[in-house]
Structures are given as C-alpha cells and as structure tokens.
Amino acid sequence: MQRGSLIRSARKHGPDVWLFRWSEKGGNGRRVYRKRVIGTVDQYSDAVEARRIATGILAMPGSGDFPIKPTFMTIEELSQHFQHYELTHDDNWRSYSTRRNYKFYLERWIIPRWGNYALGQVRTIEVESWLRSLPLARSSCAKIRNLMSVLFNHAWRYELFDRNPIKLVRQSAKRRTAPNVLIPAEIKLLLDNLALRERTLVLLAASTGLRQSEIFALKWGDVDFTQGTMNVTRSIVYGVVGRCKTESSQKPVPVHPILAEALVQWRNRCRYREPHDWVFANEHYRGRHPYWGQAILRNVVRPVAERVGIQKRIGWHTFRHTYSTLLRSVGTEFKVMQELCRHSSLRSTMDIYNQAVTPAKHAAQAA
C-alpha cells in the first residue's frame, strides 16, 4: 500500500465517492495510514482521473507533517466534524441549551436539505430563498441562518474550506407580531386567583423580570432578605444546571418588600428551606430537583388566566416583556432598565422588550 490504493466507496446519502488510501512515515519514524476522499463519481466518471489526483497527493512534500485540506466535503460531514469538536459536553463556550438547539436545527432542517451538498455547491441566493420558504418564525429562520454561518466559519477555522457563503444571506429576525404584555390590573387579577406557590412564582417573574431558567434555578441561599437583594448565579434548562445566559445576567436583583414577604410565606409553607435547597423544590423528587415551569404554566397559570377573563396568551417570558415595558411606562432611564433587565446591551432593552403602553401613547400624543 506504499503507492496507495483507490477504491469506490458507497455513502449513505448521495453518489459514491473515490477514496484514496496510502501510508507514509510519520515524524517519529512509524508508519502512518491515511485516507482522503478525492471526489464523487459524478465529478470523475472513471478511476483514471481520480488516480491522477491521488498521484499528486503522494507527490506533495511533507504531506505527513501537515493535515491535508480536502477538496470534497459535504455539509453532513462538516456537521459531524463540527459536533465532534464544538458540541462536546465539556464545551465552555456554549451552554447546554445552545448545544441542544444546534443539534436540533442540524438534524431537523439543515442536514435533510443540504446534507448531500459539497461545501463549494452551497450558494447564497439558494440558501436565502430556502429560508424564506420555511414554515417557521423569522427568529427561527435567523437561528438556522446563523448556525449555517457558524458551520462555514468552523470549516474555515480548520482549513476545510476557504470562504463563508452564508455571510451575505439576508434573513430578518423581526417579529411578525408584538409579544403579549400584561397591564397592572391583569397582573393583580391573576395574583388574586392563584394559590401561594403559583402566586409567588408570578409575583417573582413580574416584579424582577427573571427568565424562566433563572427563576427555577434559585436557591434560598441566593436570597438576602436583610439587604433586599437576590443573586442570580445559575440557570436550569431541560433539567441541566448551568451558567446564566450572559455575564450581565449574574448581577444582583433588587427584591421589593412585597416580594420578600411573599417569599417568606412560601418558605414557611414548603418543606425545603435550607440555603442549599431550591426555592421551588419539587416534593415528588424529595427536593432534589425544582419544579418544571412549563407544567405549572400549562396546568395552573393559563387555566386560571382564562377563567378570570385574560384572553392573552401567557408564557413565562410574557412577564419579562411586561416588566421591561412597565419600567419604561413609569419613566425609568434606559441605562437603569438595562441593568434591571440584566441585558448585555442597551439595544436588547430598547428594541426587543420595550413596548409603550397605551396610556403612555395617549399622553405623548396629547402633549
């Protein structure tokens, strides 16, 4: 095998490829076995042309000292390479939820459509047209577009490809409809009709703007009743505890006396109240895990909201949008709003979460 061998190899998807295998001496004197995909049978109909390219590989000086840049790699192969090197469990760059979402978008949308494409076959306009045809929200299409760009940047970084055709793909993430925002009367109506556990949860979400992952990751040791503050140091997503979304998310959160009183009442009622216990510990798991927020929302909060006449679709993030919007309606400075919402940039506070309430619009127009 010193001069190498060329074989025709079948793939699970797409046409067969020409696979060249050879051996050479490594830097330590030991023999190293290598292989490389030359191209598909569509590119090289017979073995003569493929053999000519394979002969050029053997003629490359120092080929054993440097990784060889492949001339043919599919999106599916690049995705596998990306997951192997970038989506490992010990990845400190991305949170668990980000890694999970990346794998979902790869397997559900990107690989089924583009998996058989060679990197050089992906065209900007074709990707742009495909994204516009997907039956998804604009924000989801934008996430798919950004992930494809991450893939090509990964190929560029590892010298598997020399450009990123996704950089010029246009895809808006703007919402088609504004998110729901509750008015103070609706919040009070909801609080008055909820039991202690759900009332404490809703009051905590509406008065601090914490994300769902942060609310259910709170422990009693994070709440300082003396100073009236709360330290948000972790988040929990799909049962996995990790760090907060951004560094700004870890800033202390003020706790109003009304909220502090509600938390004290809840602590006196629940069985798990030690500093290392979850604030909303699930008794079915003997306090080892917190409650699952979506179950409480689906089984308790939404039915109560419908019963009292609130027609808006409510999610945990609804209270975060409400918190930001109501802060603005009472004249809060933008910088203070950013710190209270714990956004890494002021743009997020102003563009995404901030909606002017109707009374504020009337007042501005009248003035």
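Modeller: W109, I110, R113 and W114 in helix α3 meet E126, V127 and W130 in helix α4; a helix here is a DSSP run of H or I with at least four residues, numbered from the N terminus, and contact means heavy atoms within 4.5 Å. This is a predicted model, where local features need pLDDT of at least 70, side-chain atom pairs count only at 80 or more, and totals for chains, interfaces and linings use all residues. Residues are numbered from 1 along each chain as its sequence is written, and side-chain values use heavy atoms, without hydrogens and water.

Colleague: Why is α3 called oblique to α4?

Modeller: The axes of α3 (residues 96-114) and α4 (residues 124-133) come within 13 Å and cross at roughly 135°. That makes the pair oblique, because under 35 degrees is roughly parallel, over 145 roughly antiparallel, 65 to 115 roughly perpendicular, and the rest oblique.

Colleague: What makes the W266 and F280 pair stacked?

Modeller: Their ring centres are 6.0 Å apart, with 25° between the planes. Rings pair if their centres lie within 6.5 Å, and planes under 30 degrees apart are stacked, over 60 edge-to-face, the rest tilted. So W266 and F280 pass both tests.

Colleague: Which parts does the pair tie together?

Modeller: W266 lies in α9 (residues 257-269) and F280 in the loop between α9 and α10 (293-307), so the pair ties together parts 14 residues apart in sequence.

Definitions and conventions
Axes are lines fitted to C-alpha atoms, for helices over the stretch in contact, and angles run from 0 to 180 degrees between N-to-C directions. Helices (H or I, at least four residues) and strands (E, at least two) are DSSP runs, numbered from the N terminus.
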